[in-house]
Amino acid sequence: MAYTATCTFLAVFLLLIETGYGIRCYQCNSTSNEYPFQCNEFLTSDMDLQPESCDDVYGAKYCVKHIGRFEGGIGTKRFCSSVHMGNYCDYVKQPGDKLIYRTCVFTCSEDGCNSAISFVPSTTYTWIMPASLVVVWKKLFHR
């Protein structure tokens, strides 16, 4: 009986292990000619963009979406980062500007998570997996 319980516990544990690989993020710039008119604030399902490997950024652990004023222009930029850049919005007026621009930065750490603003954790990992583990643990070890 102990052997069965141990094997079941190990099987459940092994299901939770993922193969190691680098994060994959949407990478685009709304001012680029590579994907004209596709790197907007909101990506829709009819776009050609797909998350790309961040292997070219050393230690990349985050995907970033930057909207508003950046690099002397206005638009949207999505990229990989090894640094958590925060989640915030700010109003920017630079010398010579007649308008004040809203600029937002959103940082996340899951594959393809920089497509939209939503940062809601996956229901699977937040509630279902821990609840399942508690049920399995009680059934196997508390008789």
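Q: What pattern do the disulfides of the protein chain follow in this predicted model?
A: Counting the bonded cysteines along the chain, the pattern goes 1-5, 2-3, 4-6, 7-8, 9-10. A search of the whole structure turns up five disulfides.

Q: How do you know that C28 and C39 form a disulfide?
A: Their sulfurs sit 2.1 Å from each other, and the cut-off is within 2.5 Å. So the pair counts as a disulfide.

Q: What makes the disulfide of C28 and C39 right-handed?
A: The torsion about the S-S bond is about 65°, so this disulfide is right-handed. As for where the two ends lie, C28 is in strand β2 (residues 28-29), while C39 is in the loop between β2 and β3 (52-53). The two cysteines are 11 residues apart, and the pair links distant parts of the chain.

Q: Are C28 and C39 buried or exposed?
A: C28 is buried, and C39 is buried too.

Q: Why is the link of C89 and C104 called a disulfide?
A: The S to S distance is 2.0 Å, and a pair of cysteine sulfurs has to be within 2.5 Å. So C89 and C104 pass. The link is right-handed, with 110° about the S-S bond.

Q: What parts does the pair of C89 and C104 tie together?
A: C89 belongs to strand β6 (residues 88-92) and C104 to strand β7 (residues 101-108), so the pair ties together parts that are 15 residues apart in sequence.

Q: Why is C89 called partly exposed?
A: C89 has 35% relative accessibility. Buried means under 20% and exposed means over 50%, with partly exposed in between, so C89 counts as partly exposed.

Q: And what about C104, buried or exposed?
A: C104 has a relative accessible area of 1%; the limit for buried is under 20%, so C104 is buried.

Q: How do you know that C108 and C113 are joined by a disulfide?
A: Here S to S is 2.0 Å, and the requirement is within 2.5 Å, so the pair qualifies. With 90° about the S-S bond, this link is right-handed.

Q: Why are C108 and C113 called buried?
A: C108 comes in at 9% relative accessibility and C113 at 15%. Buried means under 20%, so C108 is buried, and so is C113.

Q: What makes D97 buried, and what does its side chain contact?
A: D97, in the loop between β6 and β7, has 15% relative accessibility, so D97 counts as buried. A polar contact of 3.0 Å joins the side chains of D97 and R69.

Key
Residues numbered from 1 in each chain as written. Predicted model: local features only at pLDDT ≥ 70, side-chain atom pairs only at ≥ 80, totals over all residues. Heavy atoms only, no water. Helix = DSSP H or I, 4+ residues; strand = E, 2+ residues; numbered from the N terminus. Buried < 20%, exposed > 50% of the residue type's maximum accessible area, 1.4 Å probe, protein only. Polar contact = N/O pair within 3.5 Å; in protein donor to acceptor, adjacent residues only side chain to side chain.
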